[in-house]
Amino acid sequence: MATTTTAPAPSSTGGTHPATRSAQQVSADASGVVGSDQLSNAALRTFLHGLPGVDAVGLAGRAAQLGSRSIKTTAKAWGLDTVISMIDLTTLEGADTPGKVRSLVAKALTPQPGDASCPRPAAVCVYGDRVQIAKEALGGAPIAVAAVATGFPAGRAGTAARLADTQDAVDAGADEIDMVIDRGAFLAGDYRKVYDDIVAVREVCQSRAEPAHLKVILETGELATNDNVRRASWLAMLAGADFIKTSTGKVSPAATLPVTVLMLEAVRDFLAATGVQVGVKPAGGIRSAKDALKYLVAVNEVAGEAWLDPEFFRFGASSLLNDVLLQRLKLTSGVYSGTDYVTID
Amino acid sequence: MSKFEYAPAPESASVVDIDSSYGLFIDGEFVEGSGAAMKTVNPATEEVLADVAVADEADVDRAVAAARRAQEQVWGPMPGAERAKYLFRIARLLAERSREFAVLETLDNGKPIRESRDVDVPTAAAHFFYYAGWADKLSYAGYGSEPRPHGVAGQVIPWNFPLLMLAWKIAPALATGNTVVLKPAETTPLTALLFADLLRQAELPPGVVNIITGAGPTGSALVRHAGVDKVAFTGSTAVGKQIAKQIAGTRKHATLELGGKAANIVFDDAPVDQAIEGIVNGIYFNQGQVCCAGSRLLVQESIAEEVTERLKGRLSTLRVGDPMDKNTDVGAINSAAQLERITTLTQAGQAEGATRWTSDCPLPETGYWFAPTVFTDVSSAHRIAREEIFGPVLSVLTFRTPAEAIAKANTIPYGLSAGIWTEKGSRILAMADAMRAGVVWANTFNRFDPTSPFGGYKESGYGREGGRHGLAPYLVEGTVR
C-alpha cells in the first residue's frame, strides 16, 4: 500500500493542480510515492502490485448503489448544468470535414439556441489536424480545444511518431492533449516504458509558454481487469497526468460506472498521498442524462466535491449533450419535447 | 452548504392504505382481539399509525384450532404441486404489490425505503418463489421417500425484518404441508397484516395461515399452546432460552434463530475499498439492527489505522434521516426501548475505556435516532465486544496472525455469522473452516439468498432456514410405505 500522508476520504478542498509541477517535481513526487529513486521496472512493479486488489463484485455493487441515488428537482437542475459544463464535445471520425468541426464548435458555443442561461461545454475534442479549424471557429471563446494524439486510438507507433503527432497538435494551439498509453507495454509488464512515454508527451505539452493539459487514456476495455486499471491509473498519475481517462471510445467496453468509481478512488488516494489533485474523464458510451447524473453522484461521494469542477472531471461524449438539453427543457417547460427541439451538430 | 445538495426525494406514503385499526387474521377472516388494543407508531416521527388488536389465550386457541382444521382437511392432503401454485401466486402478488409493502415496512419499522424496496421485499418474494419449487419435490429432498409435515407451526418473528422474517417462516412451512399461526413483533405488525390481505387475494384456503398480533404474552401463549407441533422463533437469545425451557419435555420441535456478534475479519491483503463497503454494509445496514450484523471488526494490526481512518471518511458520507427519502442510507431506530439499549451499551463502551467516534451528521428532532458510531481500542473483554448492541455501533479490534483472528472471532457465546476479507483464496477456505459460525461470507457481507441455509452455532440458536436445509425443520423423515 502507498504511504499515505493523510487518510483518503472524499475531499471538499482538493489539492495542487498537477500541471503546475515541473518535470523535476513530478519525478520527485513519483520517487517519493514508489519509495525508489530509480523507478526501475522492478521498483514500479513492486509498488503497483502492492496496491490493494479490487473485488469486482464489490465494486459493481458499490457502483450500483451510487447509481440508485434519486436526483430530483433543484439537484437535477444543478446536475444537468454541471454535466454540460463538463462535456468534452467530441468528434473523432476519419470523415471529419472542416464543416463538421465548425458545426461542432457552433453547437458548443450555443448549445441551446434562445437560452442564454444554458452553460457551454468545457471543450471540443478533435483529431490533431482539425485543431486549427476548431480554434478559428471558436474565435477566442472560453472553450478549450482538446486533441487526441500519440497515434490515437491504438497508439501502435514508434515513440518519435507519437511525439511528433503530439507536437503538431500543440503547435496548432491545442489546449489539451488526450494521449493513449502503450497498452501492449503495460500488459507485458514494461511499466517503465509506459511511464517514460507519458513523461515524454508531458514534456511536449509543457514546452509551450501556456502548457497544454495532458489527459492519459488507459483504454480500460483492453486492460480487462480492475487490478490493471488501478495500476495503470497510478502509473499515469506518477508520470504526471493531469487527467486519467477511461477510453478512446473505439474499444468496447468503453466507460462504465464501476471502472469510473475505481479511477475516482485512485485520484482520491493519490491526493492523500501527494497533495496533487488529478482529474478523471470517462469517455465513450455515456449517452443519457440519467447515466451522466449517476457519474456526478459517484464523483461527489467517492472523490469528493473538489472534483465537481470541469477542471477535474469531464465527460468524453458526442450524443450526451442533446439528451441533457432535452432533460433541461423538460425541467423548465414541464413537458418532454422531442429531438426536433435540439440541434444536430 | 455543499455544491451538490440532493433535493428531497420522498417516496409517497399514499401508495398504501393504512386502516385506523386492525383485528386478528384467523381462519381467513379479520376478527376482533380479546385483549386491549395496542398502538403501532412510526419510529421516524413518533406518530401513531394504527391500533392493533392483541390476542389473548382464547384467541390463540381459536387460531390454532383453525390451523389444525385447515391442516387436516385441506392443506395436508393437498398434492404438493397444488400447494406450489398457491406459493407461486403469493410470490407473484408480493412482487406486484412490492411498492405498497416497501412503503408500509419503512413507515412501521423506520428502515430506509432504499432497503425495504431493494432488499426486504424482493428477497421476501424470492423466498416464496424458491420454496414454491420444493413443494412437489419433497420426496427427493433427502428426507426419506415420503416426508410428512409436523402439522401446526407456531411462529414468532422479530421487528428488524418484519416481512422478510415472515417469508422465511411461512414459505417453507406451507411448502411442506404445515399450517401456520404467526405472531409478528409488537412494534411492527403492519406488513404481516397487509400480507393477510394478500393471502385473501391469493385465495389461500382459510386457516392455512393465521396472523395474531400482540406482545410477549401472546407469543408465549402461542409457543405453550398444546396444539402447536412445531415452534419457530427468531429473536433475542434471552427469549430463545425461555422458549427452549417452555417446550422442554413436550413433543414440540423447535428452531431458534437468535442473537449474534459477528466478527468481520479484514486481512492486510484485502481489497480495501470493497472491504470498507462490506464493513459499512455489515453494521450500518438496517441501522445495525441485524442479528448477523458484522458488529466486531477484526482488522490486521498492520492496516488497522488506515482501515479505520478510511472507514470514518466513508461514514461521513452516509445520509442519516427521513427513511422515506430515497437517498437516505441510515434510518430510524425501531423503538424508544431499542434506542435506550444502544445508548446504554455505548455509554458502557466509553466507561470501559474504548475510544468513541460518532459521525457528526445532523439528526431529526423527533423520532428515534442514533448516529453511526465506531469504537476503537476495544478489547475482547469489553461489553461492546461481547454483547449484542443491535444498533449502528461498530467495535474495532486488531489481530496479528490468522490464529489470533480465529481465537478472537470464536471466543464468544454467539456464532451466527462471520466475514473474511482477503484476496488469497486458500486463506478464505482455511478461515471459513475455522469459524464457528453458521454463515461465513467471503469478501462480502449481509447477502441473503433463499437457496442458502442460514442459522447459528452455540447460543445463536439451532436449525437452519433457507435452502434445502430449511425444509428439514418442517418435516418428519419418511420411510417407504
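**Exercise 1.** Work out what span the twelve residues of helix α3 (residues 56–67) of chain A should have, and compare it with the distance between the end C-alpha atoms.

*Solution.* At 1.5 Å a residue, with the expected span taken as 1.5 Å times one less than the number of residues, α3(A) should span 16 Å, and because its end C-alpha atoms are 16 Å apart, the two values agree. Helices (H or I, at least four residues) and strands (E, at least two) are DSSP runs, numbered from the N terminus. This is a predicted model, in which local features need pLDDT of at least 70 and side-chain atom pairs count only at pLDDT 80 or more, while totals for chains, interfaces and linings use all residues. Residues are numbered from 1 along each chain as its sequence is written, and chains are lettered from A and ligands numbered from 1 in the order in which they are written.

**Exercise 2.** Find which residues of α3(A) are buried, and what they pack against.

*Solution.* A residue is buried if 20 or more other C-beta atoms, placed from the backbone, lie within 10 Å of its own; in α3(A) this holds for Gly58(A), Leu59(A), Arg62(A), Ala63(A) and Leu66(A). They cover an arc of only 135° around the axis (from the directions of the helix axis to the C-beta atoms), which puts them on the same side of α3(A). An α-helix has 3.6 residues a turn, so residues three or four places apart point the same way. The buried residues of α3(A) pack against α11 (226–238), α12 (257–274) and α13 (289–303) of chain A, together with α9 (272–283) of chain B, where a contact means C-beta atoms, placed from the backbone, within 7 Å.

**Exercise 3.** Describe how strand β2 (residues 123–127) of chain A is covered and how it is joined to β1(A) and to β3(A).

*Solution.* Four of the five residues of β2(A) are buried, so that the strand is mostly covered. Strands pair if DSSP finds at least two bridges between them; three bridges join β1 (residues 87–90) of chain A to β2(A), and the two run parallel, with Leu89(A) opposite Val124(A). On to β3 (residues 144–148) of chain A there are five bridges, again in a parallel arrangement, and Cys125(A) stands opposite Ala146(A).

**Exercise 4.** State how many helices and strands chain A has, and how its radius of gyration compares with the globule rule.

*Solution.* Chain A has 14 helices and eight strands. Its radius of gyration, taken over C-alpha atoms, is 19 Å, close to the 20 Å that the globule rule (2.2 Å times the number of residues to the power 0.38) gives for 345 residues, so chain A is as compact as a globular protein of that length.

Technical notes:
A residue is buried if 20 or more other C-beta atoms lie within 10 Å of its own, exposed if 12 or fewer, and partly exposed in between; C-beta atoms are placed from the backbone. Two residues are in contact if their C-beta atoms, placed from the backbone, lie within 7 Å.
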